[in-house]
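Please look through the sequence and the three-dimensional structure below before reading on.

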Amino acid sequence: MQKLYPNAAAALEGLLQDGMTICAGGFGLSGIPERLIDAIRDAGTKDLTIASNNAGIDGEGLGKLLRTRQVKKMISSYVGENKEFERQYLAGELEVEFCPQGTLAERCRAGGAGIPGFYTKTGVGTLVAEGKEVKSFDGEDYILERGIRADLAIIKGWKADSTGNLIFRKTARNFNQPMATAGKVCVAEVEEIVPVGSLDPDCIHLPGIYVQRLIVGSPYDKKIEFRTVRERAA
C-alpha cells in the first residue's frame, strides 16, 4: 500500500464528511497535527465531534476549528487556555463532554483494542459519574466508561518510514499513540521520513499497520502556550 501523500489535503481526500468523529493527537501544543487541522479547516467540514486532550488555544491547534465554528462537540480533559471555547460553551453553542485525562487516554486505547467499555474508580461520586453504571468490585465502587471509536484519527509524529512505522518525541507520545489506534482510518503527519529498515524496531512507538496515510509536515514553528522568563538581572 502506498501510504505517502504529497500534502494534508491529498491525504484527507475522501475521508472527511459533516458530522464525523475525529480523534486528534497532541498534548497542549506539543505533537498536534497542525497541517491536518489546517486542511480540515480549509475543507469546511462541519458538525464535528472531536476527542482530544485539549482544544488548543485561541487561533492555534484545534482552536482554529472552533474559530470557524466547525466543531459541534468536544470530548476533552483540559480546555483552560481557549477563550473561544469558553465563550461557545457558556453560550450553549458547543457541546462538551469533560473527561478525566487518564480516563480519556484509556477510552481511546480501549476503543482501538476493541474493548467497548471498562470500569474505573476515577470520578466515582462526582459529576463525572452522572448517568453512568456503577458496579462494586471487592467493596469498592467503579463507574463504567465507554471506549471511543472515531471515523478518523489525525496524529503528529517525529520520524516514520514509508510503511508508517512511527516514532513520537517526548510529550507528543502521550495522546498521539492511543488516538491513532482509535480511528477507523489514521492519517499521520511527521517531521521526517526515513528509509525502511533504518528505524530500530525496539524504538518504534506505533507500528505501521495502524497508519493508512502519511505526510511530511515540516518545517514547523515551535509554539509555546505560556512563555515564562525570569526578570533580567540589574
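This is a predicted model: local features need pLDDT of at least 70, side-chain atom pairs count only at pLDDT 80 or more; totals for chains, interfaces and linings use all residues.

The account that follows treats the pocket, the charged pairs, a surface patch and some details of the backbone.

We begin with empty space. Rolling a probe the size of a water molecule over the atoms shows where empty space is left. In this structure, the largest pocket holds about 370 Å³ of space. Its lining is made up of 17 residues, and those closest to the centre of the pocket are Ser 30, Gly 31, Lys 156, Glu 191 and Lys 222. Which strand gives the most to the lining of the largest pocket? It is strand 8, spanning residues 150-161, which supplies three residues. Sorted by class, the lining comprises eight charged, five nonpolar and four polar residues.

We turn next to charged pairs. Side chains of opposite charge can pair when their charged atoms come close. In this model, the count of salt bridges comes to 17. Three of these pairs may be followed in turn, together with one network.

Arg 107 pairs with Glu 97, the closest N and O atoms being 2.8 Å apart. Here too distant parts of the chain are linked: Arg 107 lies in helix 5 (residues 101-112) and Glu 97 in strand 4, 10 residues apart. Is Arg 107 buried or exposed? Its relative accessible area is 7%, so Arg 107 is buried. Glu 97 has a relative accessible area of 23%, and therefore counts as partly exposed.

A further salt bridge is formed by Glu 140 and Lys 121, whose closest N and O atoms are 3.2 Å apart. Glu 140 is in strand 7 (residues 140-146), whereas Lys 121 is in the loop between strand 5 (117-120) and strand 6 (134-137); the pair, 19 residues apart, links distant parts of the chain. Glu 140 is partly exposed, at a relative accessible area of 37%, and Lys 121 is partly exposed as well, at 42%. Salt bridges can also share partners: in this way Asp 38, Arg 41, Asp 42 and Lys 64 are joined into one network.

The surface has a nonpolar feature as well. Tyr 89, Leu 90 and Phe 98 form a nonpolar patch there, and together they have about 330 Å² of accessible area. With a relative accessible area of 40%, Phe 98 is partly exposed.

Finally, the backbone deserves attention. Most residues other than glycine have a negative phi, and most peptide bonds are trans. Which residues in this model have a positive phi? One of them is Asp 47, with phi near 55 degrees. Asp 47 is placed in the loop between helix 2 (34-43) and strand 2 (48-51), and it is partly exposed, with a relative accessible area of 39%. Asp 138 likewise has a positive phi, near 50 degrees. Asp 138 occupies the loop between strand 6 and strand 7. Its relative accessible area is 83%, so Asp 138 is exposed. As for the peptide bonds, the one from Ser 218 to Pro 219 is cis, with omega near 5 degrees. Pro 219 is found in the segment after strand 11 (213-216).

Asn 174 lies in helix 6 (residues 173-182) and is partly exposed, with a relative accessible area of 39%. Asn 174 and Arg 232 are 58 residues apart along the chain, and their C-alpha atoms are separated by 34 Å.

Technical notes
Residues are numbered from 1 along each chain as its sequence is written. Side-chain values use heavy atoms; hydrogens and water are left out. On a 1 Å grid over the protein atoms alone, a cavity is a set of points where a 1.4 Å probe fits but cannot get out, and a pocket is an open set with protein on both sides within 12 Å along at least five of seven lines; lining residues have an atom within 4 Å of a point. Grid points are joined across faces, edges and corners, and a volume is the space filled by probe spheres set on the points. Helices (H or I, at least four residues) and strands (E, at least two) are DSSP runs, numbered from the N terminus. Ala, Val, Leu, Ile, Met, Phe, Trp, Tyr, Cys and Pro count as nonpolar, Asp, Glu, Lys and Arg as charged, and the others, Gly among them, as polar. A salt bridge is a side-chain nitrogen of Lys or Arg within 4 Å of a carboxyl oxygen of Asp or Glu. Buried means under 20% relative accessible area, exposed over 50%, partly exposed in between (1.4 Å probe, protein chains only). Patches are made of residues with over 30% relative accessible area and no salt bridge: like charges are joined within 9 Å, nonpolar side chains (Val, Leu, Ile, Met, Phe, Trp, Tyr) within 5 Å. Accessible areas come from the Shrake-Rupley method with a 1.4 Å probe; for residues, only the protein chains shown count as cover.
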